Amino acid sequence: MKNIRGSDKDKVGFPLVRETSSRRQDRTSRIRRVVLAMGSIVLVLAVFIIDVIRKAVDVESSGLGLLRDVLLLLGFILLWFLLEQLTRGKRFPPLRILGMLLIATGIVVILSVVLATGVSDNFDVKNNDLLPLGFDALFVAFLLGLSLAFFAAVVMRSLRELVLFKRRKHSRRNLVAFFVLLTATGIVAFWLKPLEENTLMSILFFCTLGLAVMNSFRLSWIIYLTKREKVITLVYSFFLFVAFVILNVLLNNNTLISHSLLYFSDILAKITVLACLFGNIYFGMTFVSTLFHLPTAEAFDRKTTEVASLHNLGRLVTQVFDFHDLVETVTSMTLQICEGGSTWLELIHSESVGTAPDAKAYIAEVVAMKNISLEEIEKLMLPAGDVRDDVIKTREMLSIDDVEQDRRFAHVKKGGATIGSLVAAPLVSRNGLIGILYATKKMSYGFFKDDVDVITAFADQASIAIENSRLIKKSIERERLMREMTLAQEMQKKLLPQSLPSVYGIDVDAISTPAFEVGGDYYDFVQLDDRRLGIVVGDVSGKGVSAAFYMSEVKGIFQAISRLHNSPREFIIHANEALSSSIDKHSFVSLIYAVIDTSSGLLTLSRAGHCPMLHVSKNKVRYLRPGGMGLGMSRGTVFANAMQEESITLAAGDVCIFYTDGVTEARRGDDEYGYDRLLERGKASAGKSASQIKEEVLEEIKSYTGDHPNHDDLTLLVVKWMGPHAAAQKVPS
Amino acid sequence: MSEFNISQRETKDVNVLEIKGYLDAHTAPKLEDAFQGLLKSSKYKIVVNCKDLSYISSAGLGVFMAFVEDVRKNKGDIKLSNMSPKVFNIFDLLGFPLLYDILADESEAINRFLDSKPIIPGNAKK
């Protein structure tokens, strides 16, 4: 024992605290058991010695008799507690209790029969008292008394377990009443001489018996047995009943046994007799009850498995996200109902065929099958006009009692069908039919109503589970994409200028916000030389990722060639050549490019299909719109000829507003913010800084659109010309 | 959300697409399908009537650019007509009038096709 513990500790390595506390508990209960066992043995031995002395010395002392009775009773009380200790916290299944009891009863019966037939009664009956005539009688009395009394304790313990298997309101009360009356009978017996009887005794005896009968109706444990277990119970209870009958006959009619027992202890004798009667009645009742439960056992079994599998499936729905595991489990659970038949699960994929929107075809994909091959399924299910079509059409469960007689299985030869009956249950989710669960049995009329109900329930659960697993897959995928997009967003932010250019004479501010994570808007600045600053704002057609890619390409082109060309028009023509070779034919980029000469305030502007620049000067507010077309729309001379260039000389305090269509097309319902509102806002910008103007425009757009989120990328760039500065002929680095 | 519809008819060998509502990234595939259908059945004389077109985004404009090349290769054209001033402004900003025939009236556009010598103002994507 010690060794095993040691190795256990090494192997498992429990936390120290738990180990010691459980060990302590172990030790105290072991000590308690040893004390109880030793106590009862010592007491019984003491009684035996007293009896031997009594017999040897042949003294008649009622005091000694009383002492032995008390000691013996104490011994048995300790024994009872020992039994309690040994079985404490354990719950034996009824069948095991019955089995153990049968063995115990068998031993006791054999012992009793052997002694009853082999040994003769050697007691002297005198004045309702028993006197052993020899030491042999004393010995036999002790052997029988001990074993029978111990047996009685075991019987009581077992019956208590069975009676209280499923507690009802009064089950405990009735059993306690039985034990109280049993004890009372014993106490009365204590005052009487072994063979003496009186009315009180008889009344108590019969009342106890009555309670035994009442308690014998507590047989609910039988219901929960499987059919096989019920059959075993039937056999066990029969033998137990017979064994108890033999015991009772011996206890009441065999003088050796009854005398030995009464001599051993009249109290325990009464209790033993009553316990055996209780056992007799109880197992008689068990036998009859089991017999009546047997016909429904199968149905009960099935119901139990159904409940269990539904429960399992229900748990599965929330736990299993692996699609393959899921369909495997669903089909194996369905198979349990099929009794040697087959089952399979198909997913139905709808696929539109041709251009007509209502011509739909379905593709059935078998994802799991049990007891059937794909060829057999294909042979059974024709491509058209079969059960599958009907289920898809009606979305209702279909049950065919006799496959051979059904028109949908006319292609299956008469007598050649391997299946007799079939159930097809649809898997319906929020988005419609997603699959069909089939179950077949070999015999026709094989599926009862409750079978069909369970299969339908399986199909329902399966559809939820499949839907769940799909959603989870989707959400994982979405999360991954979200992470990617967040990354892309950060990358793209870095493509926009990280700081504004600080150039004497120019006050500038800009903002760009994509409608989605990434967008196709672009703005940038370039220091062409120490006098001139280039400002570009662009918009790639479309939105999202594709636009973002072109946006980064535009940035590359701008950074690469803007310094090579002094005129905006030249730059745009070259940018178009660079971009056209790589841009998709339905995509284009609109761009506006202005170069400001800080020494003179001359602004030169070219526009490749982009929104016109708003020029706000003291007495005039207007859009500047030189001709041109979007980058990527055409190449060569067509593009170059269309491209114009316009120049204006800015006066100190003039404001130029560059923007993308996210500004003018900011929407409220069907209305747009539009050019006129922007123009009015420009008019009101006198005396304000570029930042202020930017904020005011944004604020106005925000209040204009209200709750509608901006549906387009939005970029706004405001330049304010402060006038040529005497010292600003040079741009500080 | 945004509604977009196309109705199609054939007048004197010229196919007219009447587009209605919002043409943006969501609805552009509808117009693409319509063009694809026409090209499949070798119809290259196409007039797009924009009478009820209330908005067109860059993705919508892209649809015309995607098909005009193939159509012109087959001696046909995509002509646009009946634009509201607002919609015309969007086309105009991008320089579409430099590449496409944009006419005030549908019949005018059809007649352009019937004149033996089509006047194409520019060649898209040489």
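Two strands count as paired if DSSP finds at least two bridges between them. Strands β13 (residues 613–617) and β16 (residues 655–659) of chain A are joined by 3 bridges and run antiparallel. Keep in mind that this is a predicted model. Here is a quick tour of that sheet, a helix pair and the contact between the chains.

**The sheet in chain A**
- An open sheet of 5 strands in chain A has the order β8-β19-β16-β13-β14, with antiparallel pairing.
- Its edges are β8 (506–513) and β14 (620–624) of chain A, each of which pairs on one side only.
- On average, neighbouring strands of the sheet are turned by 15 degrees against each other, direction ignored.
- Across from H615(A) you will find C656(A) in β16(A).

**Helices lying across the strands**
- Helix α19 (residues 674–683) of chain A lies across β13, β14 and β16 of chain A, at about 30 degrees to β13(A).
- Helix α20 (residues 690–705) of chain A lies across β8, β16 and β19 (714–721) of chain A and runs at about 150 degrees to β19(A).

**A helix pair in chain A**
- Helices α5 (residues 135–163) and α9 (residues 255–264) of chain A pack at about 80 degrees, their axes 8 Å apart, which makes α5(A) roughly perpendicular to α9(A).
- Among the residues that meet here are F142(A) and L148(A) from α5(A), and I257(A) and F264(A) from α9(A).
- This contact has 9 nonpolar and 2 polar residues, and no charged ones.

**Where the chains touch**
- Chain B has 19 residues in contact with 19 residues of chain A.
- On the chain B side, helix α2 (residues 58–73) gives the most, with 8 residues.
- That side of chain B has 11 nonpolar, 5 polar and 3 charged residues.

Definitions and conventions
Residues are numbered from 1 along each chain as its sequence is written. Chains are lettered from A and ligands numbered from 1 in the order in which they are written. This is a predicted model: local features need pLDDT of at least 70, side-chain atom pairs count only at pLDDT 80 or more; totals for chains, interfaces and linings use all residues. Two residues are in contact if their C-beta atoms, placed from the backbone, lie within 7 Å. Helices (H or I, at least four residues) and strands (E, at least two) are DSSP runs, numbered from the N terminus. Ala, Val, Leu, Ile, Met, Phe, Trp, Tyr, Cys and Pro count as nonpolar, Asp, Glu, Lys and Arg as charged, and the others, Gly among them, as polar. Axes are lines fitted to C-alpha atoms, for helices over the stretch in contact, and angles run from 0 to 180 degrees between N-to-C directions. Angles under 35 degrees count as roughly parallel, over 145 as roughly antiparallel, 65 to 115 as roughly perpendicular and the rest as oblique.
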